Amino acid sequence: MSAENQQSELPRFKGTLYPALTSEELLNSLDSFQAREDDVFLVSYPKSGTHWVAEVIENIASTRLALMSPLERGDVSKFEELKTCSKRRVIPTHLSYEILPATIKQKQCKMIYVVRNPKDTAVSLFHYYRDNPDLPDIDTWAAFFELFLRGDVVYGSWFDHVLGWEERRNDKNILILYYEDLKKDFSKSLKRITAFLGMHLSDSEVQRITWKTSFSEMKNNAAKEILDPNHTICALTSDRKLVFRKGVVGDWINYFTAKQKKIFDELFAERMKYSEVARHLKEYS
Ligand code: A3P
């Protein structure tokens, strides 16, 4: 089947493509989801470092928090399943702010939004498209670049996603975290996460978490894991081994041609003209 035909097989909701592991039925019922006041949502555009931050949160407080599978993964029975959790729930999602279930907004649940510079995000998502049997096949980087530019990929345009969440940046219940900051000064980002969750760590716990959530440790552990589709935080695949590719900042330089960089930079300048997030990301593009 051609890539285009495979794309057309994916669920579409309000004009946006979603991965095969979600369902139109669930997406249409998002507003029936009941949030709890102490829920924490881990939100991101795909390939922005979701697994990394999830691992950090699990290591901070796994006895008190329970990491769930993504809100939009599965069918509507998912919402019933989520009700059975007796601990404080940490729920990952790649949903845009716009379509986020209403109760999450009403109850002002805590939300951590992870952002990564879009060029590295695009390259990472390109590899996911290539390696992941649950996403359409894509032959070349050039073909994927066009789809990414148009926002014709799962979860839609990076620009729409980030701008939608950025609008909420001053809400006290929302923390914006940058992949690049985690790479540059992990302990500083860790402090932001713990302060946001109202927790405190000793120096030895900080050391342990830094090691446990390092790229090499996470990649090695994923390689040893037995595939369990019921235990995943990814809405795009059940195979955790596919997640840990390079884990670096700036890999885009090995993919973008000079022309692609120019086209992308022009679009970025236009779409992100008034964006604070863009100012933060500037040095990485
Ligand atoms: P690359 O494909 O560039 O390597 P997500 O979890 O949102 O799907 O994001 C996946 C990206 O985060 C992948 O990027 C992956 O390698 C990177 N990543 C995952 N864990 C990481 C870690 N501990 N340190 C650095 N990068 C990590």
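**Exercise 1.** Find how far a polar side-chain atom of Tyr179 lies from a nitrogen atom of the ligand, and then work out how much of the ligand the protein covers.

*Solution.* A nitrogen atom of the ligand has a polar side-chain atom of Tyr179 at 2.7 Å, which counts as a polar contact, that is, a pair of N or O atoms within 3.5 Å. Next, the protein covers 98% of the 570 Å² of accessible area that the ligand has on its own, as given by the Shrake-Rupley method with a 1.4 Å probe.

The model is predicted, so that local features need pLDDT of at least 70 and side-chain atom pairs count only at pLDDT 80 or more, while totals for chains, interfaces and linings use all residues. Residues are numbered from 1 along each chain as its sequence is written, and side-chain values use heavy atoms, with hydrogens and water left out.

**Exercise 2.** Determine how many residues surround the ligand and which are the closest.

*Solution.* The ligand is surrounded by 18 residues, each with a heavy atom within 4 Å, and the closest are Thr50, His51, Ser124, Tyr179 and Lys246. Helix H3 (50-61) gives the most to this shell, with three residues.

**Exercise 3.** Describe the aromatic pair that Trp52 and Tyr179 form, and say which helices hold the two residues.

*Solution.* The ring centres are 5.4 Å apart and the planes of Trp52 and Tyr179 stand at 75°, an edge-to-face pair, where centres must lie within 6.5 Å and planes over 60 degrees apart. Trp52 belongs to helix H3 and Tyr179 to helix H9 (residues 179-184), so the pair ties together parts 127 residues apart in sequence.

Methods. Polar contact = N/O pair within 3.5 Å; in protein donor to acceptor, adjacent residues only side chain to side chain. Helix = DSSP H or I, 4+ residues; strand = E, 2+ residues; numbered from the N terminus. Phe/Tyr/Trp six-rings, centres within 6.5 Å; stacked < 30°, edge-to-face > 60°.
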